[in-house]
Structure formats: structure tokens, C-alpha cells
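This report concerns the structure shown below. Please keep the sequence and the model at hand while reading.

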Amino acid sequence: MNKTTSWFNVTSLVFGFAFLYVPILILVVYSFNASKLVTVWGGFSARWYVELVHDQAIIDAAWVTIRVGILSASFATVLGTMAALVLDRYSKFHGRALFSGMVYAPLVMPEVITGLSLLLLFVAAGFDRGFWSVVIAHTTLTMCFVAVVVQSRLITFDRSLEEAALDLGCPPVKTFFLITLPLILPGVVAGWMLAFTLSLDDLVIASFNTGPGATTLPIKIYSMVRLGVTPEINAISTILISVIAVGVIVASVLSHRSEVEREKAERAVFLAG
Amino acid sequence: MAERWTQAMRPFLAKWALVAIPYLWSFLFFLAPFLIIFKISLSQTAIAMPPYTPVINTLGEFWSKLSDFSFDNYIFLTEDPLYYSAYLSSLRIALVSTVLLLIVGYPIAYGMARAPKSVRNALVMAVILPFWTSFLIRVYAWIGILKPEGLITIALQGLGILGPGEQIHVYNTETAVFIGIVYSYLPFMVLPLYAALEKLDATLLEAAADLGCPPTKSFWVITFPLSLPGVIAGCFLCFIPIVGEFVIPDLLGGSETLMIGKTLWAEFFNNRDWPVSSAVAVVLLIILVVPIVIFQNQQKKV
Amino acid sequence: MIEAVGPIKRKFAPWDDPTAKPFIRFENVTKRFGDFTAVDNLTLDIYEREFFALLGPSGCGKTTLMRMLAGFEPPTEGRILLDGKDLSGIPPYKRPVNMMFQSYALFPHMTVEGNIAFGLKQEGMDTAQINTRVAEMLELVKLGKFAKRKPHQLSGGQRQRVALARSLAKRPKVLLLDEPLGALDKKLREETQFELMDIQVELGTTFLIVTHDQEEAMTVSDRIAVMNHGVIAQIGTASEIYEQPASRYVADFVGDINLIDGTVSAVEDGVATLRCAGVDATIVAETGTGEVAVGAEAGFAIRPEKVQITLEAPPAGTPNVLSGEVWDIGYLGDISVYRVRLAGGSIVKATVANLTRIVERPITWEDKVFLTWPADAGVILLK
Ligand SMILES: Nc1ncnc2c1ncn2[C@@H]1O[C@H](COP(=O)(O)OP(=O)(O)O)[C@@H](O)[C@H]1O
Ligand SMILES: [Mg+2]
């Protein structure tokens, strides 16, 4: 590797990450702005956070969002893991092509289409729109992401472990819970977290499928943004960003550490002969 | 006898349930809605239906209003140049943004793949992290930056490039939409590119150099062709959802930017014309079917 | 290390006993994957307490055969009997057969103990009994100190032992071993082969081992089945297969061999005379069990170590003499291999044991040499 190319690499990384992070940083900094004008620095203050705590509508929306997120992420994790197992294990069955199509399509399908079509289904079926329609909608959207994450874990899973369990007298369903699930658990957990944050994040699909009493945080934020930029939005955003960032970083550090420890142990055994 | 039968059937039932449950869910909540949207797009009378207070009270009434098919809504789409130009403009914006994303994302992915092994995972994490934080918030962050009285103007005034009172007019233009899209979709472009570039065997470049190929040339004859699967995956992963993008043009593009996702939203939430918005969605779907199918075949190969 | 349980002095040959009942029986078993036939109408009997080896090049269907016995693949045709009972339809978790996997397949999230106890827990054995059995197995494979470790904290050889202990813990009627030593280095492998034999004798379990290493098969097993493209080329004891290969394929696959083509010119009292035009020689050899007719095209197969190499011409009239020139010499430490080029251009190999620390070889490159062997040294293989 010669000097010019690595200089080029460093520059592109620095600019790339600056581009990704500076806007978020600005957003966070201005959430502590005393001034009501978002772009004029009026000194440090936490007043927007205080106001936020007293805004019942936002607290309600946050609560709805969290409940929707936990429920839909959990359903999506179960369904998505099942779908990943099917795609990984059953190479031939009637309708496999359709199945894999239904699993991958929502990944790229524009949200306006998914949102609108699901809404029309709820109306056609006479299903009242509200909390549960959003949960179903988010489950449907996020199970595909879970399926992709779990599937990538299953690809590296050694099938002979399952065969060994069967061979030792463990029936298939029990084998799944004793052997397969514990070993793909990091993928399943990552899938759950991804599903949860996607649900937390979704505006379009929730807007189409929501009903009375089921205003989620993104819907609330969106309506606030439409009315104008206020530091209060920066404050909510900062809280959301910090919660998710801390969660993701802790999870990745934990999984990284267990991997490092494992590697160390392996190396020690190798050196010991 | 019966017990033996259930015992023999149990593994089969478990297998069957494993396939059937996610299959039925996807079918019911992903595929079936498309059939309904298609049907509604063909219904004659506009079912005016303000959100939360349905005018139609019974299911039967709903279906009866759908019973008579017509292509009126589609004909309406062709008659009003608004739709026609919204589709074209969406495709154009998606195409330009995908190219921009590739230009911005490639050097980043390349830099990551060539970084020391010890920091690579951290870099991947750093690319994914913003993706986990809210899309809406990330788009919102740009409003404060791009507004005429926003941070760019302030910064440029501070540097003396803009005189006092002069402002930069990017907010509510297509340029702002491009910035927002590139910013929001960057991880979707960088990660597949990185995955492809990281797999690339460094000795290939050494072999090329050994055979007398200078570095810039070996990039074009070796690195780039071998990263093509990543390029294709990244482009589809960005292009398809961008065509139907709503939040970015709505928040950053202003009235000047025409995109079909915005049109559909307005048709649905403002005009409350469900059949027309369904027709808009169906046409959008038809436009996107080809790239989606290509993307899926690509996915299967990986 | 396992201590030897005393020299093995048994005469064990149930396959020669017409009244003995086979323990495992593959009956016209065929396995097809799509239109590819991995196992082709194969019939095979294995007896109780036997240490049986399946030997063949990779891809010949050994693993497939074993997986059918374990219950992971159903045979396309034919059936498999264990102790007289048809196994078809019985899932792997209900078969009294255990398998040691090629990759060991140790559960990475369980300790050594947990791995060994896994099968016993599935049986519903009570905890005290499980603990005793696990301790017993750990003792058997000498891993007592490692009970609490996870698989990734063990060396390759230790993992192999855990896998063995785990598959033996349930006291299966049959233990299947798929290339059990493939991942070990040569030295450890040889040691482990003898341990495996000791364990097998001690437990009296029927062992079916898959390997592509002929030395391994010959060392550990009572009988060997040599496989080729899904069919069995020959079944026999190690010495039968080595000394009396039934076909060119077996002769060529097991050990090193010289093959000389010719035509049978006479057969008398179980001794055939072969006219070998290619090397301009007449070879006399025992016919063995095969039917050898005058005029038949046949090959003469002889192991390199049975060929004597000399500088002096043997007395005139001695049968089985070839003459040529030393073309190449390979020094392998314990033996040296001489590649001798005959008049017709073909090469015959002869090996000589290096009994002393020779510095000067009596025979060297380009020497004119004679190759001889007694009439019972080689076999005739019909085409
Ligand atoms: N599940 C399978 N699907 C298709 N072909 C298979 C499968 N399992 C094995 N084969 C094929 O059957 C042949 C025999 O394989 P195997 O029994 O594993 O050979 P061996 O163990 O002797 O090396 C190989 O050519 C292999 O490609
Ligand atoms: Mg094999």
C-alpha cells in the first residue's frame, strides 16, 4: 500500500464520517440552546427538556411508540426467525419462490405503498384502526429485516450440531430450543433490536394505519416539524438518539467482548499445544 | 393406534407449522393488501372517507361500492400532467441520487475495506449507528442546516463568502432533496459495497502490480469489476425505495419538488381520494416490479 | 492415554461362520440425489463386536452409507436391518446407533460434561446415574481435568476425545465414526488409532469407521470394505485386501502396486503362465480363486516390496525375471524405492528396506539390474 492511496483512504473516511455525524451533532448541541430560534445560539440551557417532560401529548406518544415497538418487534422476531429457518432449510416446497419474494420485497418496497395497501386491508376487513393495526403493520414490515439478519447467522451455523443432537436422542423441536436457538441467539437479538428501532422510527406506515389514541412519536414529531422547527424537537431527538446509541453500543461491545474472550482462549490452547 | 399416528405426525406437523405461520402472515398482510389496492383502484365512485370517521359503516356497503369496475382512475392519471411528471421526476431524482450515493459511498467503503483489520468492525459500527437512529430526525436535522437563515448561511457569512443579509437558498429545492437522500441512504450503499470490497483478496492487487499494472489502472481492471455485486446490490437497495420516498421531499423539497410519494400522500390525506391514490400506488408498483424482481434474483445468488 | 487391556489374542471371524447372524445388514441399498447415484444397490453384512471400516476415495458414498444407518438420509431403495429389525421410518433420535461426526459437532455453548451428558439427559436418566456415567466416560478418554471447559478451550485432540466420549456415553449398539481422526496430525492419529481399538475391545461395541486413509483402515479394523462409486469393490480382512486384491481398482487404491498386462498362455495346477508382450517376458503366478482361462487377457499385480532387485543375472531358466535400467531412486528413510525402466519403456517399482545406515548404495542410477520374485508373490487380475 503506497502513501498516496492511504492518504486518499483516510481523507474519504474523515469526510464520509463527518458528513454522517456532523448534522446529528449539531442537532444535539442545539437541543441545549436557550434561544427559541433554532439556529441562533442563546447560551446553554436544559429548558427544552423540562418543557418536554411537561408535554403530556409527547409523553403519551412516546408511551404508545414504546409499546408498539416492543410488541411488534417481538412478533416480528418470532415470525422472521421462522421465515429465516424456512428459507435456510427447506430448499424445495410449493410456493417457495413466492415465499422468498414476500420476505425480501418489503425490504425495498416504498413505504407509501405498503402503508396504503395495508390500510385498505384493514378497512376491507372491518378491522378498527388504532394501536393493534399499527402493531400488525410494523410486525409485517420488520419481520423481513429480522429474517435477513437471522438468515445471515444461520448460513454460518453448522448443521451437523443439530444432527448430533438428533443422533443423541433429542427430538427435532427440542433440538431447536436446546441447540439451534442458543447458538443463533445473537442474530435473533440483533433482529429484535433492529425491528424495535425500525418501529420506533416509522412515520409513513404508522400514519396510514393509525387510529384514535394511537399517535406514535414519529407522527407527533412530524406534525410538530410541519408547524416549524423548535428546540423541543431537538430535545426529543437527542433523547431518542442517545437511548438507541447507548443500546446499540452496549450490545455490540458485549458481543464483541465475548468474541474476543473466546478468541483469546482459543489462542491460549493453541500456544499450549 | 391413534397415539402412534400423532407421534409419527409430530415432526411433520412442526415442519408444516414452521412454513405455514410466516407464510400465512406474509400472505395475509403483505400480498393480499395488493389485491385489495388493485381492486379499489378500479372502483368507480370515490369513496370519500375522512380518517377516523368512516362514512361506510358496514362491510357489505364497502364491497358493494367496489363492485363496479372501471379504469376511470387510471385514465384520470393519464389526463392530469401532474401525475405523469411526478412519476418521471421521481425516477429522475432516484436515478441521480443513486449515482450520487455511489460516488460518495464508494470511497468510504473503499477506505473502510483498506483500513487496518482492528478498526474495521468499529468503522462498520459507525456506519450502521446513524441508520439505527430515527430517519425522520436525521432529515429534520438538515432543515436547521439548510434553511435560508440556517447554519450554512451563518457559516458562510462568518467566513465572509456571503455578505451580511445575503442568504443561501437550498432549502425547499431539489438540491436539498439530493442532500437529504444521500445522507439518509448512505449506509444502504456503503455496507454492500464494503462487504464486496472486504472480500477482495489483497494479493490480487499485488499480483497485478507484479505484472506491471499501475495502481490506478488496477483499480479499474481488478477492484471495481470484482466489487460489482456490491455496487448492484447497493444501487437497487437505494433506488427502489427512493422512487417512493415521502419524508425527504416533503420536509426538504418544498412545493417545488415533485415526487410520487408526496403526491400519493396528498391524494390520500388531503384530497381523501382513495381510489385515485390506490391507482397511483398500483402504477408505482408496476414501475418498480422490474427492479424489485432483479434485486430479488440478485439476493438469491448471494 | 488408554492403557492396553492386554494383548488381543482372540480369534474373531464371525463372517467365516455360516451360522452367525449379521448385526447390521444393508440390503440392496440405493441412494440417489436427484439423478446422481451416491450408493448403488449395495449389500453388506456387519457382525456384532466387529470393527468394520469403509475405505474409499472421497466422494465414493461412504458418508452417505453411514448417514443412512444413522437415520439422516432415507435410502431411495432397499432397506437397512439392525439386529434383524428393519430401521426404515425410525427417526435418528430413536435409533440405538450413535455417530461421531467428522467435524466433531461439539455443542459450543455447553461444557465438556454438558456435551457428554446431553444424550443421557434425553433418555431421562436420573442425575446421579448421569454423573457416574459422565465421570466414567471422562476417565475412559482421560479428560477428567477438562470437565468444566468449553469446546473452544480444548485442543484438536482433546475435542476428538470429547466427541468420542459423547457418542459412547449412551452405550449404543453401534458406533459410527466418520473420518474420526481426519483433523489430527499424523503422530497423534497413529496413537489414537490404537486407543480406539482398545476402547472397542473394552466396550464390545460394534464400530463402523469411515476413512479414506488405507493405513488407518488396515490398522484398526477387523474387516474392510473398499468402495468405489457407490459400490463395494471388495470386502475382506486387511491382509486379504492387500495380498489378494480382487480387482485392479482395489490393487491400485490400497498400497502401491506394479501392474503388468499380458495374455494367459497356460494354466496348470493353479499356476498360470502369462505371456507379456509389452515387456517381453513370461510370468508365472498362482491363479488364486478366480477362474483363469487360456487365452484370457489378464494383468499381473505385484507389490514393490515383493520384487527383488539384483545386479547379477539370475541363473538361466529362472521364471519371473525382468531386466532394465535404474531410472530413479527415492529415499524414504525406512525404505528406498527403485524405479526400473524396462526395455519396452514401462516402469516397475521395487522397494528395498534400509537395514543399515548405508552410505554407498550398491545399486545406483543407470545400473543394469534384474527384477525377480517367487511364483506366489503376486496375483493375476482378470480384466
Ligand atoms: N445431500 C446431498 N445432495 C446431493 N448430493 C450429495 C448429497 N450428499 C452427498 N452427495 C453426493 O454424493 C456423493 C457421495 O458423498 P459422500 O457420501 O459424502 O462421499 P464420501 O464420504 O465417500 O467422501 C458425493 O459425490 C456427493 O457430492
Ligand atoms: Mg465423507
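Leaving aside its neighbours within four places in sequence, with which residues is Ala117(C) in contact?

## Surroundings of Ala117(C)

The model is predicted. Beyond the neighbours within four places in sequence, Ala117(C) is in contact with Ile130(C) and Val134(C). The residue belongs to helix α2 of chain C, which spans residues 112-123.

Ala117(C) counts as buried because its relative accessible area is 6%, and the cut-off for buried is under 20%. Lys31(C) lies 86 residues from Ala117(C) along the chain, and their C-alpha atoms are separated by 33 Å.

## A five-stranded sheet in chain C

Chain C contains an open sheet of five strands in the order β13-β12-β11-β14-β20, with antiparallel pairing. At its edges are β13 (281-286) and β20 (379-382), each of which pairs on one side only. From one strand to the next, the twist averages 45 degrees.

Strand β12 (residues 271-276) of chain C is joined to β13(C) by six bridges in the antiparallel sense. Within chain C, Ala272(C) stands opposite Ala285(C), a residue of β13(C).

## The interface of chains A and B

Between them, chain B and chain A bury about 8,000 Å², with 82% of this area on carbon and sulfur atoms. In chain B, the residues that lose the most area to chain A are Phe30(B), Trp132(B) and Tyr140(B), together 11% of what that side buries. The contact involves 87 residues of chain B and 86 residues of chain A.

One salt bridge is counted between the two chains. Asp250(B) forms a salt bridge with Arg226(A), with 3.4 Å between the closest N and O atoms. Helix α1 (residues 2-41) of chain B supplies 20 residues, the largest share of the side of chain B that touches chain A.

Technical notes: Residues are numbered from 1 along each chain as its sequence is written. Chains are lettered from A and ligands numbered from 1 in the order in which they are written. This is a predicted model: local features need pLDDT of at least 70, side-chain atom pairs count only at pLDDT 80 or more; totals for chains, interfaces and linings use all residues. Side-chain values use heavy atoms; hydrogens and water are left out. Two strands pair if DSSP finds at least two bridges between them. Helices (H or I, at least four residues) and strands (E, at least two) are DSSP runs, numbered from the N terminus. Axes are lines fitted to C-alpha atoms, for helices over the stretch in contact, and angles run from 0 to 180 degrees between N-to-C directions. Buried means under 20% relative accessible area, exposed over 50%, partly exposed in between (1.4 Å probe, protein chains only). Contact means heavy atoms within 4.5 Å. Buried area is the accessible area (1.4 Å probe) that two parts lose on being put together, summed over both. A salt bridge is a side-chain nitrogen of Lys or Arg within 4 Å of a carboxyl oxygen of Asp or Glu.
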